[in-house]
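Have a look at the model below. The notes after it walk through a few of its features.

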Amino acid sequence: MQSDSVTPKFKPIHPVWMRITHWLNALAVLMLVTSGWRIYNAAPFFPFEIPGAITLGGWLGGALQWHFAAMWLLAANGLVYLSLNIVSRRLFRKFFPLSVGGIVRDGLAALHGKLSHADPCHYNSVQRFAYLFVMLDITVLVLSGLVLWKSVQFAVLRDLLGGYDFARRIHFVAMALLVGFVAVHLVMVALVPKTLLTMLSGRAGVRDVASAADQASNGEAA
């Protein structure tokens, strides 16, 4: 008689809602950054311009339309992502606890090429810090963007951010930090390609999970 029990071949890593919001955020950020560069080129406040070939919109009016469309996508999708993370308690499970000591320890391990990525279910301290930072950075982007979009209507927020011109600089710096995060993120994906597979399928092979468990137990034994 055949057993009803079936050995699972895969273990879920990322829920469907997380993968959908992740890729929508990626699309929104791509549109925002490239159209934002075109908007910046129309009135640069630093002694450089962004190469036109990597900007979106073709001209200022077109760039603004792309930028506003992406702004609403990022804001709405970001709220869904954050809300579901809080409701499901994934935010607390994945990103906490977090300490300065843990960030320094894992950061030094990463610089020496000794930081393990065997377990895709677990975020190390550097990853936790980076993801929490980018959530805060996107919040700053949205708030400063509201000032640039409707300066009169958001007068209190404008004053809190140091005025329109300073809010524009805050917006640009926050955007630059986001681009830096994306660049590092892509490098890490290239170094650990299975992280991309888990974000596409939401699952990791049992061998990966078993290997991670063995490494963890060996580390405890050591």
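Predicted model: local features only at pLDDT ≥ 70, side-chain atom pairs only at ≥ 80, totals over all residues.

Residues are numbered from 1 along each chain as its sequence is written, and side-chain values use heavy atoms, with hydrogens and water left out.

Let's start on the surface. Leu82, Ile86, Phe92, Phe96, Leu98, Phe129, Phe133, Val173 and Leu177 form a nonpolar patch there, and together they have about 720 Å² of accessible area. At least two residues of the patch come from each of α2 (60-87), α5 (125-149) and α7 (164-191). One member, Phe96, sits in the loop between α3 (90-95) and α4 (100-111). Leu186, for its part, is found in helix α7.

Here is how two of these side chains score (exposed means over 50% relative accessible area, buried under 20%, partly exposed in between, with a 1.4 Å probe and protein chains only).

| Residue | Relative accessible area | Class |
|---|---|---|
| Phe96 | 37% | partly exposed |
| Leu186 | 54% | exposed |

Leu186 and Leu196 are 10 residues apart in sequence and 9.6 Å apart in space, C-alpha to C-alpha.

Now for the helix pair: α1 (residues 16-42) and α8 (residues 194-201) pack at an angle of about 110 degrees, their axes 8 Å apart. That makes α1 roughly perpendicular to α8 (the word covers angles of 65 to 115 degrees). Met18, Arg19, His22 and Trp23 of α1 make the contact with Leu196, Thr198, Met199, Leu200 and Ser201 of α8, where contact means heavy atoms within 4.5 Å.

Key
Patch = residues over 30% accessible without salt bridge, like charges linked within 9 Å, V, L, I, M, F, W, Y side chains within 5 Å. Areas by Shrake-Rupley, 256 points an atom, 1.4 Å probe, with all protein chains shown as cover. Salt bridge = Lys/Arg side-chain N within 4 Å of Asp/Glu carboxyl O. Helix = DSSP H or I, 4+ residues; strand = E, 2+ residues; numbered from the N terminus. Axes fitted to C-alpha atoms, helices over the stretch in contact; angles between N-to-C directions. Parallel < 35°, antiparallel > 145°, perpendicular 65-115°, else oblique.
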